[in-house]
2 protein chains.
Amino acid sequence: MIFPYNQLFTFTESVFKSIGCPDDDATLATESLLAADLRGIDSHGVARLIGYVRLWEAGRINPTPRVGVVYETPSTAVVDGDGGLGLVVAPKAMNVALEKARVAGTGWVSVKNSNHFGIAGYHAMKALAHDMIGMAMTNASPLVAPTYSLDRLLGTNPIAVAVPAGEQPDFVADFATTTAANGKLEILQRKQLPAPDGWIQDKNGQGSTNPNELKEGGALLPLGGETGSHKGYCLGSIVDIFSAVLSGANYGPWVPPFVAFLQPPADPIGQGIGHFFGAMRIDAFRPAAEFKAHMDNWISTFRNARAVEGKQVLIPGDPEREISATRLIEGIPLLDPVVKDLETVGQKFGLTL
Amino acid sequence: MIFPYNQLFTFTESVFKSIGCPDDDATLATESLLAADLRGIDSHGVARLIGYVRLWEAGRINPTPRVGVVYETPSTAVVDGDGGLGLVVAPKAMNVALEKARVAGTGWVSVKNSNHFGIAGYHAMKALAHDMIGMAMTNASPLVAPTYSLDRLLGTNPIAVAVPAGEQPDFVADFATTTAANGKLEILQRKQLPAPDGWIQDKNGQGSTNPNELKEGGALLPLGGETGSHKGYCLGSIVDIFSAVLSGANYGPWVPPFVAFLQPPADPIGQGIGHFFGAMRIDAFRPAAEFKAHMDNWISTFRNARAVEGKQVLIPGDPEREISATRLIEGIPLLDPVVKDLETVGQKFGLTL
């Protein structure tokens with residue numbers, strides 16, 4: 001079934017208001033969440049609305065957080081999310097980074113006491129309109145085994161970097177630091193298809209193609225596969241340290257799960273989930289027009305490279321931008337189980353989709 | 001053959017003085033270069049000394065550069081390396097980042113007009129003694145094909161991040177953004193062994209195990225292999241943009257080659273090679289002692305994870321630290337061809353190894 005963006009927006013905003021979010025926060029959260037649906041990252045969009053509601057029902061989300069800076073220098077800050085929706089905390093923290101960058105050239109914000117923030121790319125892209133490079137990362141529930149580990153100690157810990165161009169569309173990289181994001185594995189589970197080599201290991205650390213392996217003590221593998229997973233492990237670790245050890249959030253195995261039916265660790269080492277945001281003014285390095293002209297040249301050079309038969313070299317952000325343009329006009333397709341979940345949520349609050 | 005560190009240091013320092021480096025610069029360059037040998041990254045150490053000398057003979061290295069800041073804000077700077085050795089330019093640029101961080105909380109320095117800087121990890125580690133997180137990256141000669149590309153547009157573009165701990169040894173990640181660094185391929189070439197799947201492609205973009213494929217129009221592959229090379233392509237691109245589009249260095253296919261027998265592009269788009277350095281004071285986020293205690297906990301949690309039979313979970317930097325401790329005492333082993341190259345260099349300047 002296909003839904004116009006505006007229809008999903010109104011519904012989602014009403015849900016967030018129904019759980020007690022102030023109007024502005026409900027709007028912020030809705031924009032953050034639906035950015036995933038628009039950009040084709042369906043696992044992170046309205047499909048998760050029921051998950052956020054269940055976390056709220058379990059008392060694990062504060063709908064009226066006082067999000068604020070608790071520690072700072074001219075170019076840095078720690079933001080306390082006060083247990084709020086990551087979808088609300090993240091845009092506010094990114095604004096702090098942008099403000100710092102305006103004055104000091106760059107701004108770097110580590111966040112504690114937050115929850116899942118949707119897609120990293122959306123938050124990084126907030127820098128683009130200000131002629132800044134934006135960065136966003138977050139830790140997440142432990143599903144990933146470091147190289148040689150049988151224990152799951154890291155989340156899929158995504159990194160997003162958005163770079164403004166001039167006449168070319170902007171460069172927007174947004175990727176999990178695992179071989180495959182958990183959302184891709186969920187798709188294979190639904191279809192009962194085997195996973196490609198290098199995505200997962202079983203409880204003994206042996207490679208597996210069973211898409212249900214995580215339910216049996218298995219783990220996702222860091223980016224890099226058989227000969228390079230130590231590099232993905234490095235990247236995931238850096239995200240965890242910047243997001244949580246710097247801020248005072250939970251890290252490693254202590255990161256609370258997204259799903260309400262799993263309890264958070266009884267002995268938290270910090271507060272909530274952690275994020276990390278960065279903003280760099282491009283004119284803190286060279287005149288903005290000069291940078292953008294070279295960025296245009298960089299992009300067109302890469303896009304016009306000779307490619308393998310039937311393919312084209314893509315610039316990070318190309319596929320998501322195209323999907324976004326289409327879905328704004330043609331609407332957002334939702335799977336039947338997602339529609340059913342949204343109806344369930346609507347019934348709780350007397351809202352119709 | 002095994003050489004004491006001090007013997008290689010004295011020889012290398014004399015070589016750098018012989019090509020005209022001022023005494024302080026010769027010392028800086030020697031420390032940077034030999035850090036690779038100490039840490040077991042043999043491809044980037046004295047094995048490359050003859051390469052630097054040949055670049056100097058070709059007039060492509062300025063032994064007396066005036067390295068300086070040409071653009072800045074409170075937390076950023078662009079450094080012009082004046083065509084000097086990257087081994088000299090990089091430590092000076094990293095110092096600028098450390099100075100900025102002291103005042104503004106963080107410091108970010110993009111460098112143009114430089115040359116190869118040795119190993120990224122060494123420069124990032126300069127932050128550790130100051131209770132700062134250090135970062136270093138560099139672009140490099142184009143050997144890597146972006147996803148779907150037949151053209152080589154990126155270097156192996158390494159990223160290093162060093163994080164201070166308390167009682168535990170520091171966390172030091174340092175990795176190429178390719179499946180395998182070029183040095184590892186060179187080892188297979190010498191031994192005439194096939195390369196593992198996912199390292200290289202042939203001139204038609206097909207996977208290959210021929211270690212000599214790069215000489216026949218092939219390319220190294222970005223980190224991530226068959227199903228994830230777009231992520232390594234993102235990472236390598238980010239390094240290229242931060243190092244060169246921000247600073248005004250050459251980027252993509254315009255990055256000049258390290259080897260003197262290959263000419264730099266006739267139509268440079270910028271100046272020399274580019275680097276990017278970052279420094280973040282940990283007490284710009286939370287009290288340093290608090291951060292370090294949690295970092296110790298992070299490290300011991302990961303190191304003590306249950307591991308696959310016969311293995312242990314390593315912390316990034318563990319192997320290099322152990323090799324370094326051994327080599328400082330037992331000396332640095334060099335392959336015969338490397339010793340021969342060093343003797344050739346010595347003869348040029350009347351120096352004995």
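Buried area here is the accessible area, taken with a 1.4 Å probe, that two parts lose on being put together, summed over both. The views below come from a predicted model, in which local features need pLDDT of at least 70 and side-chain atom pairs count only at pLDDT 80 or more, while totals for chains, interfaces and linings use all residues. Residues are numbered from 1 along each chain as its sequence is written, chains are lettered from A in the order in which they are written, and side-chain values use heavy atoms, with hydrogens and water left out.

**View 1. The interface of chain B and chain A.** About 6900 Å² is buried between the two chains, and carbon and sulfur atoms give 70% of that. On the chain B side, Tyr148(B), Lys231(B) and Phe285(B) lose the most area to chain A, together 11% of what that side buries. Counting contact as heavy atoms within 4.5 Å, 84 residues of chain B and 85 residues of chain A take part.

View 2. Two salt bridges join chain B and chain A; the term asks for a side-chain nitrogen of Lys or Arg within 4 Å of a carboxyl oxygen of Asp or Glu. Look for Arg306(A) and Asp151(B), whose side chains meet in a salt bridge at 2.7 Å, N to O. Helix α7 of chain B (residues 225-245) supplies 13 residues, the largest share of the side that touches chain A. Helices here are DSSP runs of H or I, at least four residues long, numbered from the N terminus.

**View 3. Helices α2(B) and α4(B).** The axes of α2 (residues 23-38) and α4 (residues 86-104) of chain B come within 8 Å and cross at roughly 95°. That makes α2(B) roughly perpendicular to α4(B), a label for angles of 65 to 115 degrees. Axes are lines fitted to C-alpha atoms over the stretch in contact, with angles from 0 to 180 degrees between N-to-C directions. From α2(B), Asp25(B), Leu28(B), Ala29(B), Ser32(B) and Leu33(B) meet Leu87(B), Val88(B), Pro91(B) and Lys92(B) of α4(B).

**View 4. A salt bridge within chain A.** Over all chains, the whole structure holds 22 salt bridges. One of them pairs Arg303(A) with Asp318(A), their closest N and O atoms 2.6 Å apart. Arg303(A) lies in helix α8 (residues 288-303) and Asp318(A) in helix α9 (residues 318-330), 15 residues apart.

Definitions and conventions: Helices (H or I, at least four residues) and strands (E, at least two) are DSSP runs, numbered from the N terminus. Angles under 35 degrees count as roughly parallel, over 145 as roughly antiparallel, 65 to 115 as roughly perpendicular and the rest as oblique.
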